[in-house]
Amino acid sequence: MRSSPCSGLDRWVSYMDEKLKTRIKGLIGKDAKIVEEDFERALCSADIGEVPFAKRLFETTPELVVQPKNVEGLVKIVKFANDEKIALYPRGSASSGLGGVVPTAKGIVVDLSHMNEIIKLNREKETIKAQTGVRWSEIEDFLNRENLSVRSYPSSFFSTVGGWIATGGYGIGSFRFSHLKEQIESIEVLFPSGELKCIRSDEEEVTRFFGTEGQFGIILTATLKLRKKQKRSLPHLVYFESFEGAFTFVTDMIKAGIEPYHIKYLDATHLEAVNTPLGEDLFRVNDAVFVEFEEDEERTKFLELAENRGILEEQYLSNYFWHERLFPMKTRSRKPTHVACELIIPIESAVPYLKEGKRIVERCRIDIQVESHIVGKDRALLIVTHLCDIRKPLRYLIHITLIPALTRLGVTFSGVPYGLGIWNTPFIKDKFDKKTLEIYRAYKKEVDPRTILNPQKFFSVRTKWANIPGILFKPSVFRLLSRAAALVTPGLAKLTIIQEREMRQSLLEETVYSCMKCGSCAAYCPAYIVTGDESVIPKNKLYLAKKLIKGGQIAKKDSDRVFLCTHCGMCREVCQNDLDLVTACSELEKMLEARFGKPEEAIREFVSSMESQENYWRFVYAQKI
Ligand SMILES: Cc1cc2nc3c(=O)[nH]c(=O)nc-3n(C[C@H](O)[C@H](O)[C@H](O)COP(=O)(O)OP(=O)(O)OC[C@H]3O[C@@H](n4cnc5c(N)ncnc54)[C@H](O)[C@@H]3O)c2cc1C
Ligand code: SF4
Ligand code: SF4
């Protein structure tokens, strides 16, 4: 067993020899699936945020990926890792983008997405207890059949309950129901020592698990408060001349005591991008406010206020907009990559922040889209997104450096970064006040003294190369750098504009670089649901295609799995970037067939195994109904 090359005081086992792996396998037995293959481990080396230099700073490829099938399996692996000091990285659907799930010191990725059992529905109390690997889409689908519903959910409907507790907690419905922690009755946590604990919502300890990105324990189950499934949906989109007008309207609506279920601000660029996949200029290119009502009375008050203030969109288009709430990234118009700055900011600071932020961004000649969930009477979750292209590295770097600059700007307007992960770690003192941070640090020492959970991030960053690059992540150094970025970036950005020329590319290549690895397609792919094999998911087939395009080596067994597909087209329906996945994957199949041949026998086996699986047919029926 060799120890970590990461150096510094903390060392984790970062190379596992066969002996150690055999011990793990023997210990876990049938309670978990262990993935050792290079390709599948590489799939767990990133989240949706593409940071080209991540691999140079950290050991991002895990030594093993473990998919526990039950609590016993999970407890065994956590205890073992704690005893041996092996880093553990809990992973839901990896749809966050700040590096929270990205390994930093190799170790083991614990894929929790298969621990997705719905444990108990209490119809009387209107609560549901479920394992946190369950996706919001699965839980809502189950509840709707019982005429019930969750109170709020992320627009990444395909992400896991545990992932949203650990990262965010603000999303659709947050205006009415506030943060996710208000909708939790209790959680069960597994600590690195192997201790299991149920923590109720009235205990202070529970708050430590919200937004702390798996630092203290693995959230095993959550009991969520529910509500009756709403019978009415009364959405409205209303246009304004400027973002100042839009935010003033939001404030007036709140002052007037109007209570929509959801409020969202969108800028003109965003709405222009909504038109693109539609192929028609259906929506006005204006700043706008979107509201969803459930009661007539509230809607009437809103209509009175909106009269003579803004332009109301036609009802059918407002309905369309509400329907598309779970596909927020279709507006990326198939652009290869996006980087985003996400802040929780007081509503009254949104306008001055945006004025200043837009000024910086305009000087860089970069297009941005702004949207904002209004998540309470006084605060907004502001998301500033740049669309860019990772294949134009210099320009991409410029886009990335703007993110901390915009985040720092937000802090000066009393905002806090939404998440930390790796890349926002220097903002930790801006996100949490001194007292909270002291409590968190002491708690980490108490419950995870060997720092096996998500090490080298969140509290402080430690990198490879004797942690020399890690100096850049020190808050004081980072502050200077982000100030410098705001000054220097506009000049540099102009120099790199030449790289903006359009590139010629095949459909497959366009699709490969447009996939943002959000994982939405995983939640609905019957081949994945039945086989549990990550490599059959379109996002991962595209990862393989990227390797192929770049001239990388591919093994025949990895090629063979690309053919395990029913060609049902569900992935196309739910793709967040509106990608023609079926055609792109067929193109990939042809390329692979020419190189390795078609694995006829494996395909035959796959088809017959699919047909004999009960959950395949349940899935097919669910789609038809
Ligand atoms: C299209 C799209 C829309 C989005 N919309 C929203 C939104 O409306 N609101 C919002 O807040 N975010 C949103 N996000 C960001 C992201 O989807 C959410 O934060 C999501 O809930 C993360 O869940 P996940 O299962 O993907 O977690 P992951 O990304 O897998 O994990 C996130 C972090 O949580 C930790 N973790 C995961 N599971 C557990 C567990 N059981 N116990 C302990 N730690 C755990 C991981 O180690 C990691 O640090 C969106 C992303 C996309 C791509
Ligand atoms: S077409 Fe293939 S990859 Fe897409 S959802 Fe269906 S089975 Fe999955
Ligand atoms: S293929 Fe589409 S849905 Fe799947 S990960 Fe890529 S962008 Fe997301």
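This is a predicted model: local features need pLDDT of at least 70, side-chain atom pairs count only at pLDDT 80 or more; totals for chains, interfaces and linings use all residues.

1. Ligand 3 has 14 residues around it, of which Cys515, Cys518, Cys521, Lys539 and Cys575 come nearest. Helix H18 (520-524) and helix H20 (538-549) are the elements that give two or more residues to this shell. By class, the shell around ligand 3 consists of 8 nonpolar, 4 polar and 2 charged residues. Lys539, one of the nearest residues, belongs to the charged class.

2. The shell around ligand 1 comprises 36 residues, and the closest of them are Gly92, Gly100, Gly162, Gly163 and Gly168. Its composition is 15 nonpolar, 18 polar and 3 charged residues. Gly is counted as polar here, a convention that bears on how the composition is read.

3. Which elements supply at least two residues each to the shell around ligand 1? They are strand E3 (88-91), helix H6 (161-167) and strand E10 (218-228). The greatest contribution is that of H6, which gives 5 residues. At the level of domains, domain 1 (1-112 + 432-463) and domain 2 (118-228) each provide at least three residues of the shell around ligand 1.

4. The domains are domain 1 (1-112 + 432-463), domain 2 (118-228), domain 3 (234-417) and domain 4 (507-624). The centres of domain 1 and domain 4, taken over C-alpha atoms, are separated by 27 Å. Contact between these two domains involves 8 residues of domain 1 and 10 residues of domain 4. On the domain 1 side, the touching residues are 5 nonpolar, 2 polar and 1 charged.

5. The packing of helix H1 (residues 18-28) against helix H4 (residues 71-84) is described by an angle of about 150 degrees and an axis separation of 9 Å. Because angles over 145 degrees count as roughly antiparallel, H1 is roughly antiparallel to H4. The crossing of H1 and H4 is right-handed. H1 contributes Ile24, Leu27 and Ile28 to the contact, and H4 contributes Gly73, Lys76, Ile77 and Phe80. These residues comprise 5 nonpolar, 1 polar and 1 charged.

6. How are helix H17 (residues 507-514) and H20 arranged, and at what angle do they pack? Their axes lie 9 Å apart, at an angle of about 120 degrees. H17 is therefore oblique to H20. The two helices form a left-handed crossing. On H17 the contact residues are Leu508, Glu509, Thr511 and Val512, and on H20 they are Leu542, Ala545, Lys546 and Ile549. By class, the contact of H17 with H20 has 5 nonpolar, 1 polar and 2 charged residues.

7. H20 also packs with H23, at an angle of about 45 degrees and with the axes 11 Å apart. H20 and H23 are accordingly oblique to each other, and their crossing is left-handed. Pro538, Lys541, Ala545 and Leu548 of H20 meet Leu581, Cys585, Leu588 and Met591 of H23. The contact of H20 with H23 has 7 nonpolar residues, no polar residues and 1 charged residue.

8. A final point concerns links between the items above. Ala545 of H20 takes part in the contact with H17 and in the contact with H23.

Conventions
Residues are numbered from 1 along each chain as its sequence is written. Chains are lettered from A and ligands numbered from 1 in the order in which they are written. A residue is near a molecule or strand if its C-beta atom, placed from the backbone, lies within 6 Å of it. Helices (H or I, at least four residues) and strands (E, at least two) are DSSP runs, numbered from the N terminus. Domain bounds come from an automatic or database domain assignment. Axes are lines fitted to C-alpha atoms, for helices over the stretch in contact, and angles run from 0 to 180 degrees between N-to-C directions. Angles under 35 degrees count as roughly parallel, over 145 as roughly antiparallel, 65 to 115 as roughly perpendicular and the rest as oblique. A crossing is left-handed if the near helix is turned anticlockwise from the far one by less than a right angle, and right-handed if clockwise. Two residues are in contact if their C-beta atoms, placed from the backbone, lie within 7 Å.
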